[in-house]
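The sequence and the model should be kept in view while reading.

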Amino acid sequence: DAKINDLKALLGKMMFSGEAMNRKAGVLSGGEKARLAMAKFMTTPASLLVLDEPTNHLDIPSKEMLEQACQNFEGAIVAVSHDRYFLKKIATRVLEIKDGQFTNYDGDYKVFLEKNEEAAEKEGNREQKLKEQEKKMIKSKSKISKAEKKMAKKQKAKQFASSQKGKKASKNSKRWS
């Protein structure tokens, strides 16, 4: 009974609750299947874990749960991922495969970037592009809000003009129509 409660608690952490715990795996969405697989690996004793793009289809809480599970895993993990944040969280050693050659970097992803100038430059360029995109998003948000303000001002003027129609016409009343 204690094991069942532990499994239910784990499924709850994976955002399965109530009836969702009794659903067949075949009817689950991609993200739900990924979370179920993660729960399964957390309960299965193993010494080697191979992860191929494990963060795909996962939301942020599920990614955090996966990071925690990997950090607590006592065996070896071989992970292939484009999710640099995930790699920064779990990697303790980086093995680069390039042009058929293996290069070992003892240390985390930060050590890899420190020792590999080309990778560090690519990471810097990627971060710069992200900053530029964020600036564009901020600018476009401000433009949208300005356009919305302008439209709201026009609508307010029209409403005012329509409310003034029954009243005595002033010399400027034609301007609002």
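The numbered points that follow move from the overall fold to individual residues.

1. Overall architecture. The structure is a predicted model, and every remark in this note should be read with that in mind. The chain contains six helices and four strands. Followed along the sequence, these elements occur in the order α-α-β-α-β-α-β-β-α-α. The chain has 177 residues, of which 24% are buried. Among contacts with a separation of 6 or more, 45% are made by residues 24 or more positions apart.

2. The nonpolar core. The largest nonpolar core has 27 residues, and the members that touch the most others are Met 14, Phe 41, Leu 66, Phe 86 and Phe 112. At least two residues of this core come from each of helix H1 (2-13), helix H2 (30-43), strand E1 (48-52), helix H3 (60-72), helix H4 (84-90) and helix H5 (109-115). H3 provides the largest share, namely four residues. As general background, nonpolar side chains in soluble globular proteins tend to be buried together.

3. Phe 86 and its surroundings. Which residues does Phe 86 touch, not counting those up to four places away in sequence? They are Leu 51, Pro 54, Thr 55, Leu 66, Glu 67, Cys 70 and Ser 81. Phe 86 is also one of the core members that touch the most other members.

4. Ser 81. This residue is placed in the loop between strand E2 (76-80) and H4. Is Ser 81 buried or exposed? Its relative accessibility is 14%, and because buried means under 20%, Ser 81 counts as buried. Beyond its neighbours within four places in sequence, Ser 81 is in contact with Glu 53, Pro 54, Thr 55, Phe 86 and Leu 87. Pro 54 and Thr 55 are also among the residues touched by Phe 86.

5. Two aromatic pairs are found when the whole structure is searched. The rings of Tyr 105 and Phe 112 have centres 4.9 Å apart and planes at 85°, so this pair is edge-to-face. For the rings of Tyr 109 and Phe 112, the centres are 5.6 Å apart and the planes lie at 40°, so this pair is tilted. The reasoning rests on the angle: planes over 60 degrees apart count as edge-to-face and those under 30 degrees as stacked, with the rest counting as tilted. Together, Tyr 105, Tyr 109 and Phe 112 form one aromatic cluster.

6. Tyr 109 and Phe 112 both belong to helix H5, where they are three residues apart, about one turn of the helix. Tyr 105 is buried, with a relative accessible area of 8%. Phe 112 is likewise buried, at 7%, and Tyr 109 counts as buried at 9% relative accessibility.

7. The hairpin of E3 and E4. Strand E3 (residues 93-98) pairs with strand E4 (residues 101-106) in the antiparallel sense, over six bridges. Within this pairing, Leu 95 stands opposite Asn 104 in E4. Two residues lie between the strands, and Asp 99 in this hairpin takes a positive phi near 55°. Thr 103 is found in strand E4 and is partly exposed, with a relative accessible area of 32%. Leaving aside neighbours within four places in sequence, Thr 103 is in contact with Val 94, Leu 95 and Glu 96.

8. Ser 62 and Arg 35. Ser 62 is located in helix H3 and counts as buried at 2% relative accessibility. Not counting residues up to four places away in sequence, Ser 62 touches Met 15, Arg 35 and Met 38. Where does the charged end of Arg 35 sit? This charged end is over the ring of Phe 16, 5.2 Å from the centre of that ring.

9. Ala 120. This residue is found in helix H6 (residues 117-163). At 31% relative accessibility, Ala 120 counts as partly exposed. Ala 120 and Lys 110 are 10 residues apart along the chain, and their C-alpha atoms are separated by 9.1 Å.

Methods. Residues numbered from 1 in each chain as written. Predicted model: local features only at pLDDT ≥ 70, side-chain atom pairs only at ≥ 80, totals over all residues. Heavy atoms only, no water. Core = buried A, V, L, I, M, F, W, Y, C linked by side-chain atoms within 4.5 Å. Buried < 20%, exposed > 50% of the residue type's maximum accessible area, 1.4 Å probe, protein only. Contact = heavy atoms within 4.5 Å. Phe/Tyr/Trp six-rings, centres within 6.5 Å; stacked < 30°, edge-to-face > 60°. Lys NZ or Arg CZ within 6 Å of the ring centre and 35° of its normal. Pairing = 2+ DSSP bridges.
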